[in-house]
Amino acid sequence: LPGTGTCYQQVKRVLHAAVPDHLHGREKETDIIRQFLREHVCGRRPGSLYISGAPGTGKTACVSRVLLDCKDELAGSKTVVLNCMSLSSPQGVFPAVAQQLALPMAAGREGVRRLEKQLTAQGPMVLLVLDELDQLKSKGQDVLYTLFEWPRLPGSRLVLVGLANALDLTDRGLARLGARPAGSPQLLHFPPYTREQLSTILQERLGQVVGDPVLDATALQFCARKVSAVSGDARKALDVCRRAVEVVELEVRSQTLLKPLAGGES
């Protein structure tokens, strides 16, 4: 089967959870994030946005897409993106941010104080994107509270975007912020993908590969229905299809190897 290998490689490539040019079913959320950044970073108005939603609902992909699309608009500011899973402790977020901002690092409370002083001094706007924000839960929620408090300080130039799986992280952990609604973070929730949305996502991805479809429409519908019933996780749907392609690829490969032995024909 000439070219079979490359065909399967192409299909597996488009089924990877990379950031696509267009995020189907997330147009509204993408617009809200874009509008928030324009209003706060470009408009030099400190503020915070809290994005919640189960894994695989497109939170990180949407933020990444908007950051790519708005690269020129955000050029005058400093953008720091951190995945909190990479930190050894919640308190580790402060030295990590200082390092990204090329600031001298100091340990403990002194480091936090210096960073706060820097973020309320004159300078360009700082956009801080913290993914997997749930990892910063600490005793008394001091770490999260400090971070969400910073955009509200006089002279602040910080715009904070936090992404987490928990819907009520701000309700439970940051009740003190709610006491002053004017400075509370703007909330944006990503619902699980529906069966129709998952089906379209899979079809859009596979439509990028020229030639006969490797996975038929019935299989895609079945996958979309099953995944939407359990989680609505687009990464899971892509993963299931990719594994299915790997199984087909192995079967075809073994048949191709056996053919010459059986009939003597290539």
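**Figure 1. Packing of helices α9 and α10.** Helix α9 (residues 195-206) packs on helix α10 (residues 217-230) at an angle of about 135°, and their axes lie 8 Å apart. Axes here are lines fitted to C-alpha atoms, for helices over the stretch in contact, and angles run from 0 to 180 degrees between N-to-C directions. Helices (H or I, at least four residues) and strands (E, at least two) are DSSP runs, numbered from the N terminus. The model is predicted: local features need pLDDT of at least 70, side-chain atom pairs count only at pLDDT 80 or more, and totals for chains, interfaces and linings use all residues. Residues are numbered from 1 along each chain as its sequence is written, and side-chain values use heavy atoms, with hydrogens and water left out.

α9 and α10 are therefore oblique to each other; angles under 35 degrees count as roughly parallel, over 145 as roughly antiparallel, 65 to 115 as roughly perpendicular and the rest as oblique. The crossing of α9 and α10 is right-handed, a crossing being left-handed if the near helix is turned anticlockwise from the far one by less than a right angle, and right-handed if clockwise.

**Figure 2. Residues at the contact of α9 with α10.** On the α9 side, the contact is made by Arg195, Leu198, Ser199, Leu202, Gln203 and Leu206. They meet Leu220, Gln221, Cys223, Ala224, Arg225, Val227 and Ser228 of α10. Contact means heavy atoms within 4.5 Å. By class, the contact of α9 with α10 comprises seven nonpolar, four polar and two charged residues. Ala, Val, Leu, Ile, Met, Phe, Trp, Tyr, Cys and Pro count as nonpolar, Asp, Glu, Lys and Arg as charged, and the others, Gly among them, as polar.

Figure 3. Ser228 belongs to helix α10. With a relative accessibility of 24%, Ser228 counts as partly exposed; buried means under 20% relative accessible area, exposed over 50%, and partly exposed in between (1.4 Å probe, protein chains only). Leaving aside neighbours within four places in sequence, Ser228 is in contact with Tyr193, Thr194, Arg195 and Leu198. Pro192 is 36 residues from Ser228 in sequence, and their C-alpha atoms are 7.6 Å apart in space.

**Figure 4. Salt bridge between Glu73 and Arg38.** The side chains of Glu73 and Arg38 form a salt bridge of 2.8 Å, N to O. This pair links distant parts of the chain, 35 residues apart: Glu73 is in the loop between α3 (59-69) and β2 (78-83), and Arg38 is in helix α2 (residues 27-42). A salt bridge is a side-chain nitrogen of Lys or Arg within 4 Å of a carboxyl oxygen of Asp or Glu. Glu73 is partly exposed, at a relative accessible area of 37%, and Arg38 is partly exposed at 37% relative accessibility. The structure contains 11 salt bridges.

Figure 5. In the pair Glu110 and Arg113, the closest N and O atoms of the salt bridge are 3.2 Å apart. Glu110 and Arg113 are separated by about one helical turn because they are three residues apart in helix α5 (residues 108-119). Glu110 is partly exposed, with a relative accessible area of 33%, and Arg113 is partly exposed at 46% relative accessibility. An α-helix has 3.6 residues a turn, so residues three or four places apart point the same way.

Asp239 and Arg242 form a salt bridge of 2.8 Å, N to O, between their side chains. They too are separated by about one helical turn, being three residues apart in helix α11 (residues 234-263). Both Asp239 and Arg242 are buried. Elsewhere, salt bridges that share partners join Asp31, Arg34, Arg65 and Asp69 into one network.

**Figure 6. Buried residues of helix α3.** Lys59, Cys62, Val63, Arg65, Val66 and Leu67 are buried in α3. The buried residues of α3 pack against α2, β1 (47-53), β2, β3 (126-131), β4 (158-164) and β5 (186-190). The protein has 11 helices and five strands, and 44% of its 266 residues count as buried.

**Figure 7. Positive phi at Arg44 and Glu132.** Arg44 is not a glycine, yet has a positive phi of about 55°. Arg44 sits in the loop between α2 and β1. Glu132, also not a glycine, has a positive phi of about 55°. The loop between β3 and α6 (142-149) holds Glu132, which is partly exposed with a relative accessible area of 24%.
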